[in-house]
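Me: Please take a close look at a single part of this model, starting from its surface, and then describe other elements of the chain. Kindly give the cut-offs behind each term.

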Amino acid sequence: MQHNIEPIGYVRSPYKEKFAVPRQPGLVAAARCCIELHGDFAKPDTTRGLEQFSHVWVVFAFHENLTQGWQSLVRPPRLGGNEKLGVFATRSTFRPNGLGLSVAKLDRIEYDKHTTKIYVAGGDWVDGTPVFDIKPYIPYADAVPHAKAGFAQQAPSAELTTQFSATASAQLQDLAAHYPQLQQLIEQVLAQDPRPAYQRQQASERIYGVHLYDLNIQWQVQGQQNLVINITKVF
């Protein structure tokens, strides 16, 4: 039996592309996202009492992957991209129904005549992600402290430190008033080493770029350190 669902809203996120989105929620605390509810879902009654909770579950779609279909076997990045596991044994974004589930820290809720905005921290969504449901996180039921997590028992290590060139430092100062916590966001994103797993063992002077907000962040990896070279407006 088919069951059709419709989005209740969409995410506004600093991540404008899939590259560099953290592989799990909460790894980049400086990522501030907004879930905008519209239509009947935006009525204040729908979120009455939600402010009592510190965290929320968000059910969403991996919308940029839907046209590519799903795969029964995938290569988890945590295993270096070399070992295949079943899709249901991983957090792969290529899933039969393209659904994702993330927990995020609730910051605040704002209302206007037509929209409800739910601000959260630590989201792992591309800008424009459709949201299908929001539920309060309940610690006694949702947290299992001694659960076994297979190959992902511990959070991935964020070993790469980040330095900024003189040019990038000056650009940060100019942008600070318009992009709160921009430096922390860049540092936390790059600390996760967003490069493909197969490139992490290769010595290279390659310059990478990631699109955060409407900014292009260019950097190089030098040993165990990132060097941000340039921060420029995309539009």
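Reply: A patch joins residues with over 30% relative accessible area and no salt bridge, linking like charges within 9 Å and nonpolar side chains (Val, Leu, Ile, Met, Phe, Trp, Tyr) within 5 Å. Accessible areas are Shrake-Rupley values with a 1.4 Å probe, only the protein chains shown counting as cover for residues; a salt bridge places a Lys or Arg side-chain nitrogen within 4 Å of an Asp or Glu carboxyl oxygen. The model is predicted, with local features needing pLDDT of at least 70 and side-chain atom pairs pLDDT 80 or more, whereas totals for chains, interfaces and linings use all residues. Numbering starts from 1 along each chain as its sequence is written, and side-chain values use heavy atoms, without hydrogens or water.

Phe53, Ile138 and Tyr140 make a nonpolar surface patch of about 330 Å². Of these, Tyr140 belongs to helix H1, residues 139-142 (DSSP runs, numbered from the N terminus: helices H or I of at least four residues, strands E of at least two). Because its relative accessible area is 73%, Tyr140 is exposed (over 50%; buried is under 20%, partly exposed in between).

Strand E8, residues 130-136, contains Pro130, which is buried at 11% relative accessibility. Beyond neighbours within four places in sequence, Pro130 contacts Pro7, Gly9, Tyr10, Phe60, Ala61 and His63 (heavy atoms within 4.5 Å).

Elsewhere, four strands form an open sheet of mixed pairing, ordered E9-E12-E11-E10 (pairing requires at least two DSSP bridges). Its edge strands, E9 (161-164) and E10 (208-212), each pair on one side only. E10 runs antiparallel to E11 (residues 215-222), joined by five bridges, and Gly209 stands opposite Gln218 in E11.

Methods: Buried means under 20% relative accessible area, exposed over 50%, partly exposed in between (1.4 Å probe, protein chains only).
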